[in-house]
Amino acid sequence: MSSPLSAQAELGYSAAQLACASFRQSIRSDLTIQTAGRTASANSGREGYLTMATIARPTAPPYQVVAWFDSLRAWRSAGGNRIEPDASGVLGGRYRGELLPDGSIASQVVPFVPDAVREVTELAGVLDDMLPRLPPWVIQVGEEWRSGDSLAIKRLSDSASLQRYRIQLNREGLVPPPPGDTLTPTYSRTLNDRGIAAWDPMRGPMRYDHAITVEASVPIGGAIKSPARSLVEQQVLLERRADPPRETCPLSLFAEY
């Protein structure tokens, strides 16, 4: 692990970088479920453009974030049938959260999502893990920084004046049911996330291309009569666009905090 003694400078997100930023997000997912000797599969995806506004708190960080979809398409295919609901009801709905310098966001408020869209894609966690994680200081090319056993970030060679980082994230553990849910048993889940991020020292995140694999094992319990295993494989691409005019992100957006 690197140490602050070898640091060139601190590295991290700031409110200025994301004061008014626009991103294109594309997600493709393949799902396989095995239960009672049967296998089922489906694929889904979404593409959208998001605007993110960020301001510093009086005691920043964390920074306050408001984000919303300007456009969105979502679909799901299973058993030869394709569903693409009207997602216009999501547009403009506000996501609110707090951003830390390492890129992690703690969601606080999510907008209303129509049932037809929610059945096709998960939108409650749009801000969660959306941005690439960063080490706390600038590491050198070829150097790797680790946080415990779950996160490893390695500096790759620069390209077109952008810093490039390989990010590997592993999470494993038990997932309890939501409060009040007596139908879903606690199950085990393993997540592996591998990707490459491009970072502009002035503008911040420019591109994040990563692959996520989530494996889950659900035992018998509650409404589950047969053990099940699922595998989700995702390809996620986040691309920074030209920043919109600053009047797109007025301070009044934060009045509800």
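Two strands are taken to pair if DSSP finds at least two bridges between them; strands (E, at least two residues) are DSSP runs, numbered from the N terminus. The model is predicted, so local features need pLDDT of at least 70 and side-chain atom pairs count only at pLDDT 80 or more, while totals for chains, interfaces and linings use all residues. Residues are numbered from 1 along each chain as its sequence is written, and side-chain values use heavy atoms, with hydrogens and water left out.

Strand S3 (residues 63–78) pairs with S5 in the antiparallel sense over five bridges, and Gln64 stands opposite Glu98 in S5. S5 is also joined to strand S6 (residues 105–109) by four bridges, again antiparallel; here Leu99 has Ile105 as its bridge partner. S5 and S6 form a hairpin with five residues between them, and Gly103 in the turn has a positive phi of about 100°. Four of the five residues of S5 (residues 95–99) are buried, so the strand is largely enclosed by the rest of the structure. Buried means under 20% relative accessible area, exposed over 50% and partly exposed in between (1.4 Å probe, protein chains only).

A search of the whole structure finds two aromatic pairs (ring centres of Phe, Tyr and Trp, its six-membered ring, within 6.5 Å; planes under 30 degrees apart stacked, over 60 edge-to-face, the rest tilted). Tyr13 and Trp199 are edge-to-face, 4.9 Å centre to centre with 80° between the planes. Tyr13 lies in the segment before strand S1 (20–35) and Trp199 in strand S10 (residues 187–200), 186 residues apart. Phe69 and Tyr95 are likewise edge-to-face, at 6.3 Å and 75°. Both Phe69 and Tyr95 are buried.
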